[in-house]
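Let's take a walk through a protein model, one piece at a time. Keep the 3D view open while you read.

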Amino acid sequence: MNRPLRRDVLEENRGYLEAMNAHVNSGKPWMVNVEVTNRCNLSCGHCYLVEGRIEKSGRAELSPEEMASALDQMRDLGIFLITFTGGEFFVHQHAFRYLDEATARGFAIRIFSGLAFLPADQLDRLLDTNVFQVETSIHGADEETHDRFTRRPGSFDRMIASVRELRRLGISVTMKTCWTKYNWRQYGAILDLVASLDAGFRGTCFIQPRNDGGKENLEVRMNNEELHALMYAIHKYHGTSAEEIRRLSEVKGIEPQGHTCGAARMSFHLNPYGDVFACVDLQIPAGSLREKALEDIWFNSDVLKSIRKVTFADFSEQDRLEDDPEILSCSKCMGANLREKGDILCVSEEAKRLATVMGRARAQYLADLESGALAGADPAPKAVP
Amino acid sequence: MAEPPLPAGPHVTPETVVRRERLTACRFVDDWAVVMVTRENRVYRFEGTGARIVSLAEDPVSLAGLCDAICREYDAPRERVETDVTGFVRDLLARKVLVIARPEREN
């Protein structure tokens with residue numbers, strides 16, 4: 001059996017989750033995603049951002065004074081968890097100042113970073129802040145695969161050194177892989193490497209069009225055969241039980257009045273220029289902190305109010321939500337729907353494709369497991385067409 | 001999974017001044033205080049009097065000062081409040097939610 005991967009300290013704390021839900025039910029956000037810059041030292045093939053290493057929007061990023069005001073307003077709304085991200089968070093000249101400011105205001109802090117900018121020996125500065133977790137991306141099990149994807153020689157070695165250093169410092173790390181046609185065959189080596197680093201792991205196959213609508217990045221998506229093989233192989237790697245496969249495959253009915261996610265209810269997104277969005281994927285501006293107070297935007301923005309009230313009953317294919325397994329089991333991410341179809345209520349075709357192929361892979365794995373054919377099966381078999 | 005038992009917190013006197021550990025994330029929701037002790041990678045939720053003590057310790061406060069406030073706000077007998085608050089503060093010190101700002105009040 002492979003080593004279990006680390007879990008987030010907040011995921012399993014019932015008292016914490018009850019408090020979070022009580023706060024959200026009172027109409028206030030609990031977490032925020034703060035994008036301090038869109039600049040990045042990497043140029044990853046799947047990324048939804050278009051800026052790259054230099055700022056192209058012509059707009060000024062928030063000043064330290066504006067960021068301090070934003071943090072004050074977030075604290076006053078009762079926000080507990082702040083995620084600093086980019087671009088690359090650490091390329092921002094005031095990155096550590098922002099961490100200090102957020103710490104002084106009593107936020108729990110998570111950082112999303114490629115960990116290929118800051119030298120590993122500078123990471124101990126995080127120990128004097130409220131950073132409890134860093135999430136990074138691993139695009140391959142080796143330097144060649146990872147660096148080809150980031151288009152930055154040396155990024156793999158620097159990232160791995162940083163993860164080792166963070167774990168030595170006692171800071172939780174989650175490594176994330178966006179499975180693509182370039183790295184999926186390395187699934188075993190990637191998962192082994194993550195476990196050896198004592199990090200948590202999350203993987204996704206959901207690659208969406210860029211913020212400017214560009215689709216060049218979709219070239220990295222796996223085809224159905226590759227996706228099927230990967231999903232089968234990952235179940236085999238983890239030794240997923242028949243019981244667990246059945247649980248994963250169970251198609252649950254959808255409560256028509258349920259929400260798809262916490263966007264605009266539990267959380268929101270702030271971009272580098274002070275614009276507020278329901279979510280990083282819902283690129284519909286709700287207001288600017290340069291023009292309005294956060295509290296005003298949160299409670300009075302028509303954009304946030306309309307997204308907040310969306311339920312499954314509003315979806316354009318809601319009639320199929322009652323009994324169509326393809327629709328029932330797939331992601332209803334409004335951001336993905338918007339990026340792909342220009343309509344938050346129209347379910348993404350890519351989401352349907354992923355759900356369908358993953359379902360077939362689970363079914364084949366279960367059949368092989370129960371017939372005894374799994375033991376000798378190729379870990380990454382050809383997909384059923 | 002049950003929390004492993006903690007060693008008893010340090011000895012405290014009515015003059016001991018405590019405050020919330022600087023590297024904590026803390027918010028108050030309804031009657032609760034949610035506290036993450038960052039470097040311990042632990043999250044706690046305190047209720048009622050416990051939440052109030054966490055709130056009062058945002059700035060340095062003596063144990064006697066905590067007892068004064070709790071007696072006043074909860075209309076409880078002094079003797080019992082002193083026993084309960086002392087035990088709770090020692091527990092919070094052991095969990096590193098609070099730290100000792102000064103062992104004794106400066107004159």
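We'll start with a sheet and then turn to a pair of helices.

This is a predicted model, where local features need pLDDT of at least 70, side-chain atom pairs count only at pLDDT 80 or more, and totals for chains, interfaces and linings use all residues. Residues are numbered from 1 along each chain as its sequence is written, chains are lettered from A and ligands numbered from 1 in the order in which they are written, and side-chain values use heavy atoms, with hydrogens and water left out.

In chain B, three strands make an open sheet, ordered 2-3-4, with antiparallel pairing. (Strands are DSSP runs of E, at least two residues, and helices are runs of H or I, at least four, numbered from the N terminus; two strands pair if DSSP finds at least two bridges between them.) Strand 2 (24-29) and strand 4 (42-47) of chain B are at the edges with a single partner strand each, so one side of each has no neighbour in the sheet. Strand 3 (residues 32-37) of chain B is joined to strand 4 of chain B by six bridges, and Ala33(B) sits opposite Phe46(B) in strand 4 of chain B.

Now for the helices. The axes of helix 6 (residues 187-196) and helix 7 (residues 224-238), both of chain A, come within 10 Å and cross at roughly 40°. (Axes are lines fitted to C-alpha atoms, for helices over the stretch in contact, and angles run from 0 to 180 degrees between N-to-C directions; contact means heavy atoms within 4.5 Å.) That makes helix 6 of chain A oblique to helix 7 of chain A, since angles under 35 degrees count as roughly parallel, over 145 as roughly antiparallel, 65 to 115 as roughly perpendicular and the rest as oblique. Among the residues that meet there are Leu191(A) in helix 6 of chain A and Leu230(A) in helix 7 of chain A.
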